[in-house]
Amino acid sequence: MFSAHRPIDCDLHPMVPGMQALTPYMSEFWRDQVVERGITTLDSQSWPVRSPKTIRADWRGPKGRGAESLDLLQSQSLDRLGTATGILNPLYGVQLVLNADMAVAFTRALNDWTRAEWLDRDDRLRASIVLPLQSVEDAVAEIERLAPDRRFVQVLALVMGENPLGKRQYWPVYEACVRHGLAFGIHAGSAYRHPQTSVGWTSWYLEEYAANQQGFQSTLASLLTEGAFAKYPALKVVLLESGVTWLPSFLWRLQKTWKGVRFEIPWVDRLPAEIIRDQVRLTVQPLDAPDDDNTVERIIDHFRSDDMLLWASDWPHWQFDGDAAIPPGIPPRLLPKLLRENALATYGRLRPEAMGPEAMGQGEVG
Amino acid sequence: MARIVVAPVAEIPSGGRKLVEAEGKRIVVFNLGGEFFALSDRCPHQGGSLCAGLLSGHVESSTPGEYHYSRRGEMIRCPWHYWEFDIRTGKSWFDPKRVQVRQFPAQVEAGATLVEGPYLAETFPVRVEDSYVVVEA
């Protein structure tokens, strides 16, 4: 039943076992630097490995880790749920490194690891290009390096980075995304350049996880107000693990206020909610809603669009138990769009006609 | 519909405005370079007085970072939430079809015409040799 929809899972997280897994993909210099400096791991504190949220209990191995190999992804998610296509969004902390040269080297290694250890070994998989946004120039170069491989369908940034993502310094990245038909994915998580909240540093994991929502709100407002959406109307932005239900009330305030001060940002020349509806997509794990049908239906009505939500399991993050990978309460009429059609509309490279001859994966295209 | 003699033309200079109350309505009259326009003084949002608002121009943009500023002095912003309306049409910029201020016909008429009536009794003497702003409301 579920697999009959040929679902596309838009948020899968392969976890890097440790830096020794990436060194084969580095130059000799950086390979030795990792060893000499004793850099054993770059797991981010945004997803502490031992936190129950980071890896679902029954998906953990004997040492408490998980999601480190393809066979686990296949048995715990792809094969089990009947997923037709899955998009890998690695969250290893290469984006936290302050040394831009090191960040570029480590990010390239991570992307090559994703390609060799995952994409090359399962035709159902696609991936995001993780960007070293410490340097916009190097981030664009990384897009140029990997874009010819059409299994990369998206680029990936963290929601809390060095600057609000709408800032014009980042626009070369958006230009490259549009030119190559790549979506711009923004995942929950911080690079810890700033406190994770606008009122200061948090004390607890709980505070920080919840604060991602503020980060998404501010990032969305930045992309809108700076004019990134106006400049690149073909750009699709996907909010990953952002939660969903906060969006309508946030847009209410944004749009209401825009009516009075739109002269500040005259390039926003139509209702902000319309622009967001055209260019922003959200994955549904987590949804952040009670599980009764009426409530969820009402919330979805507030979006005034059936095109914005993308299904994701968020594997191996613990968002659901058993195989209940669709948040409860989602109306059945929405399933064809949620599970597949919206992803095809969002990710140009997932559409069968978009797979050019240079594509390295020759299997059936999701 | 009543014809209201609002003021002698000289009393509302170009760029100026005047609030009048007649027939139970509050109406604000603007002079845009010698052309007169009358709008309800009630913002359709929550009823703020447009007469107390900021007079500004219209800004548009073809690309982020560019500001094309035109029609200086022809947009009135409600003092409460800064919704902006085109004085020439009463229409809001952000939703011109649904959100607009009621507009009333306004013109300049010679005092000699006005003394013949009919018009609403004004509170100042009409002199045949002057011109007056007249609003139909």
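Here is a short tour, part by part.

## Before we start

Keep in mind that this is a predicted model. We'll begin with some strands of chain A, move on to a pair of helices, and finish with chain B.

## Strands side by side in chain A

Let's start with strand β2 of chain A, which covers residues 85-88. It has partners to pair with. One is strand β1 of chain A, residues 8-12, which runs parallel to β2(A) and is joined to it by three bridges. If you want to find the spot, look for A:D9, whose bridge partner in β2(A) is A:G86.

Another partner is strand β3 of chain A, residues 125-130. Here, too, three bridges do the joining, and β2(A) and β3(A) run parallel. On this side, A:L88 stands opposite A:A127 of β3(A).

## Two covered faces

In a regular strand, side chains alternate between the two faces of the sheet. So are the faces of β2(A) covered or open? Both are covered. A:T85 and A:I87 sit on one side, A:G86 and A:L88 on the other, and all of them are buried.

## A pair of helices in chain A

Now for helix α5 (residues 136-146) and helix α6 (residues 171-180), both in chain A. Their axes come within 9 Å and cross at roughly 10 degrees. An angle under 35 degrees counts as roughly parallel, so α5(A) is roughly parallel to α6(A).

Which residues make the contact? From α5(A) come A:V136, A:A139, A:V140, A:I143 and A:E144, while α6(A) brings A:P172, A:V173, A:A176 and A:H180. Sorted by class, that gives seven nonpolar residues, one polar and one charged.

## Over to chain B

Chain B has ten strands and one helix. Reading from the N terminus, you pass β-β-β-β-β-β-β-β-β-α-β. Its C-alpha atoms fill a box of roughly 55 × 25 × 20 Å along the principal axes.

Of the 137 residues in chain B, 28% are buried. And if you take the contacts in chain B between residues at least 6 apart in sequence, 47% of them join residues at least 24 apart.

## Where the chains touch

How many residues of chain B are in contact with chain A? Ten, and they meet eleven residues of chain A. The chain B side of this contact is made up of six nonpolar residues, three polar and one charged.

Terms used:
Residues are numbered from 1 along each chain as its sequence is written. Chains are lettered from A and ligands numbered from 1 in the order in which they are written. This is a predicted model: local features need pLDDT of at least 70, side-chain atom pairs count only at pLDDT 80 or more; totals for chains, interfaces and linings use all residues. A residue is buried if 20 or more other C-beta atoms lie within 10 Å of its own, exposed if 12 or fewer, and partly exposed in between; C-beta atoms are placed from the backbone. Helices (H or I, at least four residues) and strands (E, at least two) are DSSP runs, numbered from the N terminus. Two strands pair if DSSP finds at least two bridges between them. Two residues are in contact if their C-beta atoms, placed from the backbone, lie within 7 Å. Ala, Val, Leu, Ile, Met, Phe, Trp, Tyr, Cys and Pro count as nonpolar, Asp, Glu, Lys and Arg as charged, and the others, Gly among them, as polar. Axes are lines fitted to C-alpha atoms, for helices over the stretch in contact, and angles run from 0 to 180 degrees between N-to-C directions. Angles under 35 degrees count as roughly parallel, over 145 as roughly antiparallel, 65 to 115 as roughly perpendicular and the rest as oblique.
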